[in-house]
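The sequence and the structure are shown first.

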Amino acid sequence: MACKVLVVCGSPVVASTDLLRRLVGECDHVVAVDRGLDALLGAGLGCDVYVGDADTVSDAGRALVDTAKDFEVERHDPYKDYTDLALALDSVRRRWPGAEVVATCATGGRPDMALTVLGLLAGYDDAPVWIAEDNVTARILHAGESWTIEGAEGKTFSIIAIAPGTVVSEHGLEWELDHSPLGLLADTGISNVVRGMAKIQVHQGVAIGYLLA
């Protein structure tokens, strides 16, 4: 059975201690991406692998990376062609082929970086990809994948196409779709409401679904 890997990204807006501890408990391995190490340390947690160029991690975190004994380090030159997250996802592929990915500390900070984070996670099509933050749970859905949502009646749900030619179905929501095309980054699927057990399915393309707390 494939494992589940928590990837703690380097956003300056970090997840709460409670969320980080829950996610670490639910995942088999933890990868810290540069400043993501500080988020883990702040919650009293560690990681299995550190990936990054150490340009945004704190002095204390950098010192820990320099003398690491309890986790592996993949340190890269700051003058590189790829972001730390891209390198971290490559590390996940090498170490745990077919692993499910849960990303956190991924959506705050700079808007340009947030878009590239979404693009990189969408490009990881080896297994399911989740984004877990304190006020939202998101899943990237590739063609042929579905997401069944239970126990969320009354919550807001949005789905956004992040690839051209995306076609989706939604059932168990206030406004349902049946093999409906979604324009790239269009607002057709924004601010729906869960009315019972819901099922979201992507038939073509790629979309991201957001379940708001």
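S169 lies in strand β10, which spans residues 166–173; strands are DSSP runs of E with at least two residues, helices are runs of H or I with at least four residues, and both are numbered from the N terminus. With a relative accessible area of 4%, S169 is buried (buried is under 20% relative accessible area, exposed over 50%, partly exposed in between, using a 1.4 Å probe and protein chains only).

The side chain of S169 forms a polar contact of 2.7 Å with the side chain of H203. A polar contact is a pair of N or O atoms within 3.5 Å; within protein, one must be able to donate a hydrogen and the other to accept it, and residues adjacent in sequence count only if both atoms are side-chain atoms. Apart from neighbours within four places in sequence, the contacts of S169 are L177, D178, H179, K199, I200, Q201 and H203 (contact means heavy atoms within 4.5 Å).

## Basis of the model

The model is predicted: local features need pLDDT of at least 70, side-chain atom pairs count only at pLDDT 80 or more, and totals for chains, interfaces and linings use all residues. Residues are numbered from 1 along each chain as its sequence is written, and side-chain values use heavy atoms, with hydrogens and water left out.

## D53 in its loop

D53 is found in the loop between β3 (49–52) and α3 (59–66). This residue counts as buried because its relative accessibility is 7%. A polar contact of 2.5 Å links the side chains of D53 and K80.

K80 is also among the residues in contact with D53 once neighbours within four places in sequence are left aside; the others are D34, R75, H76, D77, P78 and D84. Between D53 and V33, 20 residues apart in sequence, the C-alpha to C-alpha distance is 9.1 Å.

## G44, an exposed loop residue

G44 occupies the loop between α2 (36–42) and β3. Its relative accessibility is 66%, so G44 counts as exposed. G44 and I159 are separated by 115 residues in sequence and by 34 Å in space, C-alpha to C-alpha.

## Packing of α4 and α5

Helices α4 (residues 84–95) and α5 (residues 111–123) pack at about 20°, with axes 10 Å apart. Axes are lines fitted to C-alpha atoms, for helices over the stretch in contact, and angles run from 0 to 180 degrees between N-to-C directions. The two helices α4 and α5 are therefore roughly parallel (angles under 35 degrees; over 145 is roughly antiparallel, 65 to 115 roughly perpendicular and the rest oblique).

The contact involves L85, A86, L89 and R93 of α4 together with V117, L120, L121 and G123 of α5.
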